[in-house]
Amino acid sequence: MEHQCSDHHPGDCHPEHAPAEPGRRKILKMAGVAAMPLLGAMSSGGAQAQAASASEPALGQSPFTVRAYGAKSTGGRIVPLQIQRRALGARDVLIDILYASICHSDIHTVHGDWRAPPLPVVPGHEIVGRVLAVGNKVTKFKVGEIAGVGCMVDSCGTCENCLSDREQICLNGATFTYGSLDKVSGGHTFGGYSDKIVVSERFAIRIPPGMDLVSAAPILCAGITTFSPIRHWRVRPGWRVAVVGLGGLGHMAVKLAVAQRAEVTVFTTTPGKIADAARLGAREAVLWSDAAAMKRLANTFDLMISTVPYAFEAQPFMNVLKLDSTFVNVGLGEARGINPGAMALGRKSLSGSMIGGIAETQEVIDHCFARNIRPDIELIRPEQIDAAYERVVKKDVRYRFVIDFASGKNAA
Ligand SMILES: [Zn+2]
Ligand SMILES: [Zn+2]
């Protein structure tokens, strides 16, 4: 990924893969009648779902199997497989996944670029779907509403970071959406490339009625990861903001900074993206290799957001920062070759930022909806995930692949 959440997960749901869990048809039918407080009392305590019929237990009453897409080996192909979801707890929501987008982190995880992933690995931490059932203590969602899930699904809830809405840096370790130790069910977590997911309401994001669901998905990682530093460093109108790397994260950084009326400059290695940067609202785009441009831009920027996921020479970027300005590394590529003297001379800072807390994730969703900020996406079918991965690695994506699990569900 371009930042460091470590999950992976697949989900599915095309007609030819129609999930066969018992009770699904019944639940969908009930959810279809929507508005009814239907499964509002669906579970009590742990998972006492109200039976859909005398003979057929409601989905979520006990652990259940769902279709998913994932890799069975490190670097393996993404293939259909079956995973278990936990029974619906009192504060859980069961989400019928409609869209999940592909984050570069998914690919790094599957490829074992950071560490050997727990297998099978089911990526996906940009998830949007419809609530099919809720536990009996759930207050945030009703059946039939749209919910999103981002990079995390759990945290301690009691440490100082959790208590200040920074669950992503929970001092006891957040549980990421995929590939993380699952403290509820044991084993490891499975992400959004799947038919359904069960998650605590605390980690589900409300998707406003009327929001384009395909566009909402990438905001749950690429959006929040770039929005959080824009908020934290209080980007103001007229600020000169640099975005390094124009991929899934970078293109959202440009859109979000432009929406703050900042003047944005993009640094890219791809000549073909120069025109894209202008289309996205950037004032200019510069190739890193253009030494003359880097010299011209010395002492220019108030904030720089790097989405580069691999090691890079950082000092040329520090040189274009103004006095007291900050280089924020959200791509988590290793920043090499920092010159301490040059840093001191400009009192410059090198920082990092990782996704955002749940409240801030809700904020970026609402912010993007209110201002009609949408990622540029390409919709694919689950069978195309491997091909999409190859294209992301070749930087041939503009700018987010979203996997369509909605077709055939009649639930979008
Ligand atoms: Zn991500
Ligand atoms: Zn915590």
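Tutor: V243 stands opposite V266 in strand 11. Strands and helices here are DSSP runs (E, at least two residues, for strands; H or I, at least four, for helices), numbered from the N terminus. The model is predicted: local features need pLDDT of at least 70 and side-chain atom pairs count only at pLDDT 80 or more, while totals for chains, interfaces and linings use all residues. Residues are numbered from 1 along each chain as its sequence is written, with chains lettered from A and ligands numbered from 1 in the order in which they are written.

Strand 10 (residues 240-244) pairs with strand 11 in the parallel sense over five bridges; pairing requires at least two DSSP bridges.

Strand 11 (residues 263-268) has five of its six residues buried, that is, with 20 or more other C-beta atoms, placed from the backbone, within 10 Å of their own. Strand 11 also pairs in the parallel sense with strand 12 (residues 284-287), over four bridges, and there F267 has V286 as its bridge partner.

A257 contacts I230, V235, V241, V243, A262 and V264, neighbours within four places in sequence aside; contact means C-beta atoms, placed from the backbone, within 7 Å. A257, V241 and V243 are among the residues with the most contacts inside the largest nonpolar core, which has 118 residues. Such a core joins buried Ala, Val, Leu, Ile, Met, Phe, Trp, Tyr and Cys through C-beta atoms within 7 Å. Helix 4 (residues 213-232) gives the largest share, 10 residues.

Methods. A residue is buried if 20 or more other C-beta atoms lie within 10 Å of its own, exposed if 12 or fewer, and partly exposed in between; C-beta atoms are placed from the backbone. Two residues are in contact if their C-beta atoms, placed from the backbone, lie within 7 Å.
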